[in-house]
Amino acid sequence: MNRTIKMVVMAVLCLNFCYGQNKKNCPKPGTTRTHIYAFTGYKSGYKSSCRISADEFMRGKMITIRNYTIPQLYAIALRLAPPHDASFKASEQEKVIIDVRQPEKLKQLYCYKLVVPYNHQDDFYVLMHRSLDGEWPEYEVKIEKKGKECFIVIRDKEQWL
């Protein structure tokens, strides 16, 4: 009987120690990544395209964009233009107000991919906007409504001036 009690106490102490070690190694809530994204530069041989599809690996949502400008990427993230809307490409200059020191940077073409798991599909465009802000922190991008029209306004952030 005495030996059994010692074994139980030892097992409880070992389990408690193991639990404490695992708890230390766990990341804090809210610090784990909920999505995966990647940027690359212009890819020759590809037309400008945007495709939203289901991701089989994470059972979520995926967007693949090839050869779009920064304003076009933000237009999709802010839901000003649907991803497959060709009219946004044609009238891009009319819907975008650019107030930056180096506007030629906004004309470069980029490729972008975002994969979001099924439990974060509702935040798909929010996560896209955050990832774009993380890639270009020197810009402040938002939607402003003037009359009945909505415009994307791109400005330099104050700290970057």
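Reader: How many bridges join β6 to β7?

Author: Welcome! Please keep in mind that this is a predicted model. Eight bridges join β6 to β7, and the two strands run antiparallel. Two strands pair if there are at least two bridges between them, so β6 and β7 qualify with their eight. Within this pairing, Ile-143 stands opposite Ile-152 of β7. The hairpin has two residues between its strands, and Gly-147 takes a positive phi there, near 70°.

Reader: What makes the contact of Arg-155 and Glu-144 a salt bridge?

Author: The cut-off is a side-chain nitrogen of Lys or Arg within 4 Å of a carboxyl oxygen of Asp or Glu. For Arg-155 and Glu-144 the N to O distance is 3.4 Å, so the pair meets that definition. The structure holds one salt bridge. Arg-155 belongs to β7 (residues 149-156) and Glu-144 to β6 (residues 139-146), so the contact ties together parts 11 residues apart in sequence.

Reader: Why are Arg-155 and Glu-144 called partly exposed?

Author: Buried means under 20% relative accessible area and exposed means over 50%, with partly exposed in between. Arg-155 has 28% and Glu-144 has 22%, so both fall in that middle range.

Reader: Why is the pair of Phe-39 and Trp-136 called edge-to-face?

Author: A search of the whole structure finds five aromatic pairs. In one of them, the ring centres of Phe-39 and Trp-136 are 5.2 Å apart and the planes stand at 75°. Phe-39 lies in β1 (residues 36-41) and Trp-136 in the loop between α5 (124-135) and β6, so parts 97 residues apart in sequence are tied together. Both rings also belong to an aromatic cluster with Tyr-37, Tyr-110 and Tyr-112.

Reader: How do you know that Phe-39 and Trp-136 are buried?

Author: The limit for buried is under 20%. Phe-39 comes in at 18% and Trp-136 at 6%, so both count as buried.

Reader: What makes helix α2 largely enclosed by the rest of the structure?

Author: Eight of the eight residues of α2 (residues 70-77) are buried, so the helix is largely enclosed. Among them are Ile-70, Gln-72 and Tyr-74. Following α2 is Arg-79, with a positive phi near 60°.

Conventions
Residues numbered from 1 in each chain as written. Predicted model: local features only at pLDDT ≥ 70, side-chain atom pairs only at ≥ 80, totals over all residues. Heavy atoms only, no water. Buried < 20%, exposed > 50% of the residue type's maximum accessible area, 1.4 Å probe, protein only. Helix = DSSP H or I, 4+ residues; strand = E, 2+ residues; numbered from the N terminus. Phe/Tyr/Trp six-rings, centres within 6.5 Å; stacked < 30°, edge-to-face > 60°.
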